Amino acid sequence: MANDADVIIVGAGLAGLVAATELADAGKRVIVVDQEGEQNLGGQAFWSLGGLFLVDTPEQRRLGIKDSHDLALQDWLGTAGFDRDEDHWPRKWAEAYVAFAAGEKRGWLQAMGHRIFPVVGWAERGGYDAMGHGNSVPRFHVSWGTGPGVVEPFERRAREHAKTGRIVFKFRHRVDALDMAGGAATGVSGRILEPSSEPRGVSSSRIETGDFSLKAQAVIVASGGIGGNHDLVRANWPKRLGTPPKHMVSGVPAHVDGRMIGITEAAGARLINRDRMWHYVEGVHNWNPIWPGHGIRILPAPSSMWFDATGKRLPSPLYPGYDTLGQLDYIMKTGYDYSWFILTQSIIKKEFALSGSEQNPDLTGKSWRMTIRRAFNKGAPDPVEAFKAKGADFIVRDNFDDLVAAMNKLSGANLLDATSIKQQIEARDREIDNPYVKDTQVMGIHNARRYIGDKLIRTAKPHKILDPAHGPLIAVKLNILTRKTLGGFETDLDSRVFGNDGNIIPGLYAVGEAAGFGGGGVHGYRSLEGTFLGGCLFSGRNAGRAAAKAVI
Ligand SMILES: Cc1cc2nc3c(=O)[nH]c(=O)nc-3n(C[C@H](O)[C@H](O)[C@H](O)COP(=O)(O)OP(=O)(O)OC[C@H]3O[C@@H](n4cnc5c(N)ncnc54)[C@H](O)[C@@H]3O)c2cc1C
């Protein structure tokens, strides 16, 4: 039977689009199938903040940041903690990826029209020693236009190729099986779903209207992770993080359902590091949800005080923005699946950012006029103020005792003792008068403000939390928010998938989140942030280029 295309790609997210455009540029015929409608083109990347891990860039240099490939690799390896036999390919991917981020990545994107917001963010600061977890320097480069700004160049290229028929999109095609012959991938088959006019991100109908079957010389699985399927997240929850949380909010749309991972595994592909995942601990219920259980992550900066469900301050260095999985580990060991920030209006105004393109209309809309207000505005950005006013997890009070009473009411558990929390806050407040201190969180605030980017837009001037001049007081109940799947299909540097017998499966590739962002887990246990979109770009590009050479 004749092939329908040279290559079939499952998933029209960022990784799939990158692979498709590379293949079409090389003159190959590509079919991209996706279970969602055209309105979801770009997948999760559209919703993202567009933060990219880049190393030793002009943006960093302009801000006085001295970064290098060696420093970034040291941070990556300290963060990943590779310690398994299966980490052979992930480690090779990590080395190649850090070289890409310190080399070609910025120029490659720039040539396609991608631009970067000039203030570089400092995510995952670690707080351990030089060889431990975290970014030694700021490296989180937010795309001008956020997530849509990352998708745009690839969408544009793909649509150009679609005009000539080199790329054919088949939306509302849900793959149910990977077709194999003689041990090689030869195509996909599944069901056509009824058309959907739901807006982007809203769950779509699963009513089937027909079957399809497509043949090609190669198949690239670009189907994303499992974060939208809480049952799968719980089933894969690592023992080292205790029992899975009872309550989680979803940081991804429902189409991040993990189904295609099971389907690809059933066809013989080797799935590794499935217990490694990247979920956040600063999730809040979206007051204006788009997808089921929609949660938004607060991108925290260093000043909020963090308390567990029983009112105990999180230990050093588990401060906002330092060590996501360290915090998750600590919180799960408390026996409760939530925690609390306590902060002031002065802190929320400068330090709260919300992850997601729709929560950052200034950057997403590429409006300098709106963006500049971040530095000079009296209030927090409008979306943050909206959460403060309407978010179910936010409490605002002028009086400390009233604040704690409302926290107890919200949790319904009455675990918080106002006197004990006040003692902890007053102790921290006494450390504020000197620029050299014992409290490591306050030290971190001083350290952050030595970086011009943080001083300008991310770290509030040190002040006493209980000083009414900086009020009102704010408490935020923080939930666990599912997001990224760090494990995935084991692949070589060409994104070719290994089978369970240790041999490459001819014709099968995996990219993006489905491949653990490269190799089956380029991050190891933890991420330096901004590394997911980059992993989609790099693995999608490698797959597209390699498959273009492999098919005849
Ligand atoms: C709110 C938010 C903020 C983020 N911020 C950042 C950030 O700042 N920096 C960063 O690096 N990363 C960020 N991320 C993560 C990043 O966006 C994702 O990890 C990445 O976009 C995943 O891309 P992907 O192409 O691998 O998968 P996806 O975008 O999930 O695309 C997969 C596609 O495959 C389709 N599919 C799945 N199964 C099937 C099937 N059986 N048949 C047909 N089609 C199927 C899906 O419908 C989907 O369209 C963020 C994510 C979110 C949601």
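Does Arg276 count as buried or exposed, and at what relative accessibility? In this predicted model, Arg276 has a relative accessibility of 1%, so the residue counts as buried. Arg276 belongs to the loop between strand S10 (271-272) and strand S11 (277-285). Its side chain forms a polar contact of 2.9 Å with the side chain of Asp87. Beyond residues up to four places away in sequence, Arg276 touches several others, among them Asp83, Arg84, Arg240, Thr485 and Tyr525.

When neighbours within four places in sequence are left aside, the contacts of Gly42 are with Ala12, Gly13, Leu14, Leu17 and Val151. Glu22 is 20 residues from Gly42 along the chain, and the C-alpha atoms of these two residues are 16 Å apart.

**The ligand and its surroundings**

There are 40 residues around the ligand, and those that come nearest are Asp34, Gln44, Gly51, Val175 and Leu533. Several elements each supply at least two residues of this shell, including helix H1 (14-25), helix H2 (44-47), strand S6 (173-181) and strand S17 (473-485). Helix H19 contributes the largest share, 4 residues.

| Residue | Part of the residue | Distance to a ligand oxygen atom |
|---|---|---|
| Leu14 | backbone N or O atom | 3.2 Å |
| Asp34 | side-chain N or O atom | 2.6 Å |
| Glu513 | polar side-chain atom | 2.9 Å |

Taken alone, the ligand exposes 1000 Å², of which the protein buries 99%.

**Helix H16**

Helix H16 comprises 12 residues, 418-429. From its first C-alpha to its last it reaches 16 Å, close to the 16 Å expected at 1.5 Å a residue. Which residues of H16 are buried? They are Ala418, Ile421, Ile425, Arg428 and Asp429. These residues lie on the same side of H16 because they cover an arc of only 100 degrees around the axis. In general, an α-helix has 3.6 residues a turn, so residues three or four places apart point the same way. The buried residues of H16 are covered by elements that include strand S13 (305-308), strand S14 (338-344), helix H15 (400-411) and helix H17 (440-449). On the face turned away from the buried side, Thr419 and Gln423 are exposed.

**Backbone features in loops**

Most residues other than glycine have a negative phi, and most peptide bonds are trans. Asp56, which is not a glycine, has a positive phi near 60 degrees. Asp56 is placed in the loop between strand S3 (51-53) and helix H3 (58-62), and its relative accessible area of 31% makes it partly exposed. Asn414, in the loop between H15 and H16, likewise has a positive phi, about 55 degrees, although it is not a glycine. With a relative accessible area of 62%, Asn414 is exposed.

Cis peptide bonds occur as well. One joins Ser316 and Pro317, with omega about 0 degrees, and Pro317 is part of the loop between S13 and helix H10 (324-333). Another runs from Gly471 to Pro472, with omega near 0 degrees. Pro472 is located in the loop between helix H18 (452-457) and S17.

How values were computed. Residues are numbered from 1 along each chain as its sequence is written. This is a predicted model: local features need pLDDT of at least 70, side-chain atom pairs count only at pLDDT 80 or more; totals for chains, interfaces and linings use all residues. Side-chain values use heavy atoms; hydrogens and water are left out. The expected span of a helix is 1.5 Å times one less than its number of residues. Buried means under 20% relative accessible area, exposed over 50%, partly exposed in between (1.4 Å probe, protein chains only). The arc is that of the directions from the helix axis to the C-beta atoms. Contact means heavy atoms within 4.5 Å. A residue is near a molecule or strand if one of its heavy atoms lies within 4 Å of it. A polar contact is a pair of N or O atoms within 3.5 Å; within protein, one must be able to donate a hydrogen and the other to accept it, and residues adjacent in sequence count only if both atoms are side-chain atoms. Accessible areas come from the Shrake-Rupley method with a 1.4 Å probe; for residues, only the protein chains shown count as cover.
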